[in-house]
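Please read the points alongside the sequence and coordinates.

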Amino acid sequence: MSKYIAAIDQGTTSTRCMIFNHQGEAVGVHQLEHEQFYSQPGWVEHDPREIWRNTETVIQEALRKTGAAAKDIAAVGITNQRETTLVWDKETGEPLYNAIVWQDTRTDKIIHQLAQDGGMGRFRDKVGLPLATYFSGPKIKWMLDNVKEVRQAADQGRALFGNIDTWLIWNLTGGIRGGKHITDVTNASRTMLMDLQTLAWDDEICEIMGIPKSMLPQICSSSEIYGHTLEKGPFKGVVRVSGILGDQQAATVGQTCFEPGEAKNTYGTGCFMLMNTGGEIVQSKHGLLTTLCYRFGNEEPVYALEGSIAITGALVQWLRDNLKMIDSAPEIENLAKTVKDNGGIYFVPAFSGLFAPYWRSDARGAIVGMTRYVNRGHIARAVLEATAFQTREVLDAMNADSGVELSALKVDGGMVQNDLLMQFQADVLGVPVIRPVVPETTVLGAAYAAGYAVGFWKNKDEMKQNWQVDKIWQPDPASRAKTELYVQWKKAVTRTFNWID
């Protein structure tokens, strides 16, 4: 019997492969960063070829570190940065343009054109999403309108669209030699093209955006056997490919939030809070997204409310790479500890506009409250506090939409190793913050989806048994974070509005 499940986590800044045992423990991992391209203000791109090369390498290295071969792997799952959009030629296998990343704002004019008939909520009843630069559909339209190679290939029936999950699975299962052109319901729900009720591409919206349905992948569940890897592929053998989840949904599964009302928050490049709403499609009245949480095989689909924050961990990277204030991301905690508070400053990182709950593409980043008293430590602290304040805004909206007051927050992602941030988060929310033993639950969720499809985990209870608490931060009743400081934050956010005409 195969001993392990492999999972590929293709994120905004890096790609990694992790090998898990039945207890949900990582026994091997390898990770590589890829280049970010910023050719114009507001534009963010990735090279799909580099991402695929990195994927091949991380698979091979994770297997080597584990001492495992293809025969030891029961299945492989994929989790991916959502909304990041690419189009390639099915005959050559070559991308027709760089991948346009979810943070990219170049589709702003398209969004406003679409909103002229029906406003920003034009398609919300069908797709659960407001019109925003965030989602894939308008990015496909931009490519069709502006990249002649994409238009020609689409007209000739050669163009294939996919988010990164689709690109990786197509390559893993054969590429131009019969690769599977598929996606799952969670990724499809982020395109603005899928009907939440039918779980199918919507003919009317595709026509309005001018997107040929022949470009679109087949929509599958999040957990089923889609195909197999090739003998000559990176696994160097045949492995079942059987799980796909967009990264935030994968983290929700990895946190075993299988019951309605359970929620998690992932701290990565951006910050994403999801609450399981069960079989109910809850349309948000407070700036959240209605999305698929997961669908396992032929089971009924499970939905979620999501609050999406564009810039959190990316702000720490900006401090490192653009301002050179730190040499590595973990250093920010010690720098922030050199001061006792934020010195009166607030950093609103609206680099790509504001996502939930505002959805303001006209906003841009601002540091407010500056005086000569402020030093590097205060800026570092304000950077961390921005993540916690933005999470509070999303949680307030989620409580209002769901009618359920959250009693604790499960957290995961790279930033949860920062004790200063997690304590401040608990203070701002006024509820305990809980970190599991395996904090990188995104890739674990992809492993669960793949393993469930092949019987490696027989049921959800087996997955729940793997979840264990590592640390709990209790809110400090003496803290002013959830009162006075939060009021000042809300004031700072308004200063970013209407910057772009």
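1. Secondary structure and provenance. The protein chain contains 16 helices and 21 strands, where helices (H or I, at least four residues) and strands (E, at least two) are DSSP runs numbered from the N terminus. This is a predicted model, in which local features need pLDDT of at least 70 and side-chain atom pairs count only at pLDDT 80 or more, whereas totals for chains, interfaces and linings use all residues. Residues are numbered from 1 along each chain as its sequence is written, and side-chain values use heavy atoms, with hydrogens and water left out.

2. Overall dimensions. The C-alpha trace spans about 65 × 50 × 45 Å along its principal axes.

3. Of the 501 residues in the protein chain, 63% are buried (buried means under 20% relative accessible area, exposed over 50%, partly exposed in between, with a 1.4 Å probe and protein chains only). The accessible surface of the chain comes to about 18,800 Å², and carbon and sulfur atoms account for 48% of this area; areas come from the Shrake-Rupley method with a 1.4 Å probe, and for residues only the protein chains shown count as cover. Among contacts between residues at least 6 apart in sequence, 72% join residues at least 24 apart, a contact being heavy atoms within 4.5 Å.

4. The largest pocket. How much space lies in the largest pocket? The volume is about 1,000 Å³. On a 1 Å grid over the protein atoms alone, a pocket is an open set of points with protein on both sides within 12 Å along at least five of seven lines, a cavity is a set of points where a 1.4 Å probe fits but cannot get out, and lining residues have an atom within 4 Å of a point. Grid points are joined across faces, edges and corners, and a volume is the space filled by probe spheres set on the points.

5. Lining of the largest pocket. The lining comprises 38 residues, and Tyr-267, Gly-268, Thr-269, Gly-414 and Met-415 lie nearest the centre of the pocket. Two or more lining residues come from each of β2 (14-20), β3 (26-33), α9 (247-254), β13 (263-267), α10 (313-321) and α11 (331-336). With five residues, α10 gives the most. By class, eleven lining residues are nonpolar, 18 polar and nine charged; Ala, Val, Leu, Ile, Met, Phe, Trp, Tyr, Cys and Pro count as nonpolar, Asp, Glu, Lys and Arg as charged, and the others, Gly among them, as polar.

6. The second largest pocket. This pocket has a volume of about 590 Å³. Of its 22 lining residues, Tyr-38, Ala-314, Trp-318, Asn-322 and Phe-351 lie nearest the centre. Here too α10 gives the most, with five residues. The lining divides into eight nonpolar, eleven polar and three charged residues.

7. The largest cavity holds about 110 Å³. It is lined by 13 residues, with Ala-132, Thr-133, Trp-359, Arg-360 and Ser-361 closest to its centre; seven of the lining residues are nonpolar, four polar and two charged. The second largest cavity has a volume of about 90 Å³. Its lining also numbers 13 residues, with Ile-309, Leu-354, Phe-355, Ala-356 and Gln-390 closest to the centre.

8. Helix α9. Eight of the eight residues of α9 are buried. Just after this helix, Thr-256 takes a positive phi of about 50°.

9. Asp-9. Beyond residues up to four places away in sequence, Asp-9 touches Ser-14, Thr-15, Arg-16, Thr-79, Thr-442 and Val-443.

10. Ala-329. This residue lies in the loop between α10 and α11 and is partly exposed, at 29% relative accessibility. Apart from neighbours within four places in sequence, Ala-329 is in contact with Val-316 and Arg-320.
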